[in-house]
Amino acid sequence: MPHTSLPRFGIMTAPMQVDYHDIQRVWCEADTIPEIEHAWLFDHLMPIAGDPNGPIHEGWTLLSALAAQTSRLRLGLLVTSNRFRPPAMLAKIATTVDIVSGGRLDFGIGVGSRPSHPLARREYEAHGLPFHDSAHAVGSLAEACTVIRRLWTEAEPFDFHGTHLDLSGAFGNPKPVQRPHPPIIIGGRSSATLRVVAEHADLWNIPGGDIDDAVRRSALLDRYCAEIGRDPASITRSIHLPVSYDQPSATQDAIGEAIDGGFGHIVLGLAAPYPADVAAWVADKLIRTAIQPIQTI
């Protein structure tokens, strides 16, 4: 597949089993390295790996702190669970982060944790949050995207009476820095979620691992876009790939496969503990190695 532009690389630091100052160190280092264009946290309330009772930081609060300490990186959560916060409240939180960052937010959202993932499922029960079935979750996500965009863009209060959301006099003030609104990145792989992606997303993210499946899902997204008259190329394809510090060649191979599969937005997941100068290592060993062959085409 020919490459018309260079892929955009970023890092993801899951804020669990790690100290705040370690994440701060990595993000501030990455902010000085041009090859790293974006940085991400995730959105869980209890650990989903390692010690189930270990430390974990709330994503949006941490993101705001990191936004205030960086100046260049685009940033976001990969991705926000729509099950955790009322969408109108989430729109206000995201607006605040976009303002704090000077207009660098990429707004990530998804249906929330898979029902089959017990370590993710338990966080809802532990925080008194309802966990509805998948159909409810996908329908709620579609309505949330509609409401959030309206809160970011409409100049007058409005009412919204949907199947899952019921708002009266909804209004967002201030508005985000970015116009018309921060880019929306939706994460997920189910066919139902991909229909929401086709309608609402500027970027779509899928966890890596099975690149053939990711490519098939991307083709399905193309089909859903065509069904509603949207240009599939208007949705950037994003993939999350775990980084191996011990076997960088394995990560390099995964990056190459993702790029060949049409994924131009690549998120490199960094496992804690983070080595010293890890952001510089990522840029040197992974990113420059990946883009060098493309630059010579």
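**Helix packing and nonpolar cores**

A91 is buried, its relative accessible area being 3%, which falls under the 20% limit for a buried residue. The model described here is predicted. A91 is located in helix 3. Leaving aside residues up to four places away in sequence, A91 touches I148, L151 and W152. A91 can also be placed relative to R150: the two residues are 59 apart in sequence, and their C-alpha atoms are 9.5 Å apart in space.

Two packed helices are described by the angle between their axes and the distance between the axes. Helix 3, which spans residues 87–100, packs with helix 2, residues 59–69, at an angle of about 15 degrees, and the two axes are 8 Å apart. Angles under 35 degrees count as roughly parallel, and helix 2 and helix 3 are therefore roughly parallel to each other. The crossing in which helix 2 passes helix 3 is left-handed. On the side of helix 2, the contact is made by W60, L63, S64, A67 and A68; helix 3 contributes L90, I93, A94, V97 and V100. Sorted by class, the contact of helix 2 with helix 3 holds nine nonpolar residues, one polar residue and no charged residues.

Helix 6 passes helix 7 in a right-handed crossing. In this contact, S191, L194, R195, V197 and A198 of helix 6 meet R217, L220, L221, Y224, C225 and E227 of helix 7. The contact of helix 6 with helix 7 comprises seven nonpolar, one polar and three charged residues.

In soluble globular proteins, nonpolar side chains tend to be buried together. In this model, the largest nonpolar core has 77 residues. F107 and L268 are the residues with the most contacts inside that core. With residues up to four places away in sequence not counted, L268 touches F9, G10, I11 and M12, as well as L241, V243, T251, I255, V282, L286 and I287.

Terms used: Residues are numbered from 1 along each chain as its sequence is written. This is a predicted model: local features need pLDDT of at least 70, side-chain atom pairs count only at pLDDT 80 or more; totals for chains, interfaces and linings use all residues. Side-chain values use heavy atoms; hydrogens and water are left out. Axes are lines fitted to C-alpha atoms, for helices over the stretch in contact, and angles run from 0 to 180 degrees between N-to-C directions. Helices (H or I, at least four residues) and strands (E, at least two) are DSSP runs, numbered from the N terminus. Angles under 35 degrees count as roughly parallel, over 145 as roughly antiparallel, 65 to 115 as roughly perpendicular and the rest as oblique. A crossing is left-handed if the near helix is turned anticlockwise from the far one by less than a right angle, and right-handed if clockwise. Contact means heavy atoms within 4.5 Å. Ala, Val, Leu, Ile, Met, Phe, Trp, Tyr, Cys and Pro count as nonpolar, Asp, Glu, Lys and Arg as charged, and the others, Gly among them, as polar. Buried means under 20% relative accessible area, exposed over 50%, partly exposed in between (1.4 Å probe, protein chains only). A nonpolar core is a set of buried Ala, Val, Leu, Ile, Met, Phe, Trp, Tyr and Cys residues joined through side-chain atoms within 4.5 Å.
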